Amino acid sequence: MTALLEVQNLRVSFPEPGGGRIVPVDGVTFTLERGRTLALVGESGCGKSLTSLAILRLVPPPGRIDDGSTVRFGETDLLALQGEALRRVRGRRIAMIFQDPMTSLNPVFTVESQITEVVHAHFEVPKREARDRAAALLQEVGIPDPLARLKSYPHQLSGGMRQRVMIAIALAGQPEILIADEPTTALDVTVQAQILEVLDGLRESHGMAVLLITHDLGIVAGRADRVAVMYAGQIVESAPTGALFANPSHPYTQGLFGSIPRLTGATGRLSPIPGNVPPPSAWPSGCRFRTRCPIVHPRSAEAPPLLPVGPDHLIRCWLAEDGAR
Ligand SMILES: Nc1ncnc2c1ncn2[C@@H]1O[C@H](COP(=O)(O)OP(=O)(O)OP(=O)(O)O)[C@@H](O)[C@H]1O
Ligand SMILES: [Mg+2]
């Protein structure tokens with residue numbers, strides 16, 4: 001069976017001022033099946049947003065997607081699409097909710113005009129019907145009194161409402177895939193939970209596939225079918241969600257679990273991973289996590305490939321070969 005979305009060996013690079021290139025996304029591979037949710041998880045700067053932007057060919061210049069990368073949407077080679085064909089996929093068949101709802105919504109247009117713009121861009125419908133669809137979408141994402149809300153401007157809405165409007169805009173093209181880049185980071189915990197519930201409900205009712213991008217493993221449980229953990233431009237652990245939570249096997253993933261208070265329970269034992277993701281120009285040779293890893297491994301100067309630790313469960317770590325876990 002063909003995957004709905006297949007990303008293979010994706011590389012995104014930028015020229016450096018002094019010559020040479022940095023490669024913030026360096027050989028990322030994953031597939032997304034129809035109606036499923038894949039979570040892409042990692043700390044700030046590990047390449048999550050660039051990965052999702054690359055899927056829609058929105059890597060900001062002078063960045064580029066390097067030769068040898070593959071992004072297939074069913075039978076369609078997304079990296080070969082141009083012009084109108086690309087526009088028909090973007091926003092319509094694959095939609096994206098961007099990280100910051102305030103910069104993605106246009107402050108000078110009403111909610112109605114921003115939703116109906118997408119409806120008109122993709123469907124031949126009269127004005128009246130576009131407005132009805134916009135109201136129905138607001139209803140669907142849980143906005144009370146949708147007809148009144150259509151007349152609002154973004155600044156008249158709370159953060160949670162804006163995020164719901166963003167989702168409504170994304171849904172206006174009736175997409176097969178929804179890419180949600182940190183859809184809830186700016187929101188308080190209760191509103192976060194509500195937004196994620198809206199996304200869950202929509203995935204079920206529309207049979208949409210979701211690529212959920214987050215730095216927070218805590219929101220992944222019970223929501224994603226699979227998890228891919230990213231570190232320094234690469235996937236370092238990939239597994240069905242249950243297996244990853246039962247047996248997090250890469251020291252980085254274990255570190256991420258250690259930094260989630262509500263998963264570890266006892267707040268006193270909270271131990272975030274020391275340091276930050278280094279910038280792409282300073283990634284260590286060999287294992288990229290070795291500068292922060294609590295484990296000193298004799299082979300850490302060699303770059304580990306993805307190695308199996310269980311059924312359908314891979315880690316980019318030499319520990320897999322030792323059978324240490
Ligand atoms: N326009 C750009 N020009 C040059 N380098 C960039 C650009 N955008 C991103 N990068 C580099 O790529 C790295 C990964 O960026 P990306 O936005 O994908 O990270 P992220 O995982 O989404 O982080 P966050 O959780 O903060 O959103 C950044 O640390 C930066 O070094
Ligand atoms: Mg990001």
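Visitor: How many bridges join β3 to β9, and which way do the two run?

Guide: Five bridges join β3 to strand β9 (residues 209–214), and the two run parallel. Strands here are DSSP runs of E, at least two residues, and helices are runs of H or I, at least four, numbered from the N terminus; pairing takes at least two DSSP bridges. This is a predicted model, with pLDDT of at least 70 needed for local features and 80 or more for side-chain atom pairs, while totals for chains, interfaces and linings use all residues. Residues count from 1 along each chain as written, chains are lettered from A and ligands numbered from 1 in written order, and side-chain values use heavy atoms, without hydrogens or water.

Visitor: Which residue of β9 is the bridge partner of V41?

Guide: That's T214.

Visitor: And what about β10, how many bridges there?

Guide: Four, again in the parallel sense, between β3 and β10 (residues 226–231). Here A39 has V227 of β10 as its bridge partner.

Visitor: Which side chains point which way?

Guide: T37, A39 and V41 go one way from β3, L38 and L40 the other, and all are buried.

Visitor: Switching to helices: at what angle do α4 and α7 cross?

Guide: Roughly 25°, with the axes of α4 (residues 111–122) and α7 (residues 159–171) coming within 8 Å. Axes are lines fitted to C-alpha atoms over the stretch in contact, with angles from 0 to 180 degrees between N-to-C directions. So α4 is roughly parallel to α7 (under 35 degrees).

Visitor: Which residues make the contact?

Guide: V111, Q114, I115 and V118 from α4, and V165, A168 and I169 from α7, with heavy atoms within 4.5 Å.

Key. Buried < 20%, exposed > 50% of the residue type's maximum accessible area, 1.4 Å probe, protein only. Parallel < 35°, antiparallel > 145°, perpendicular 65-115°, else oblique.
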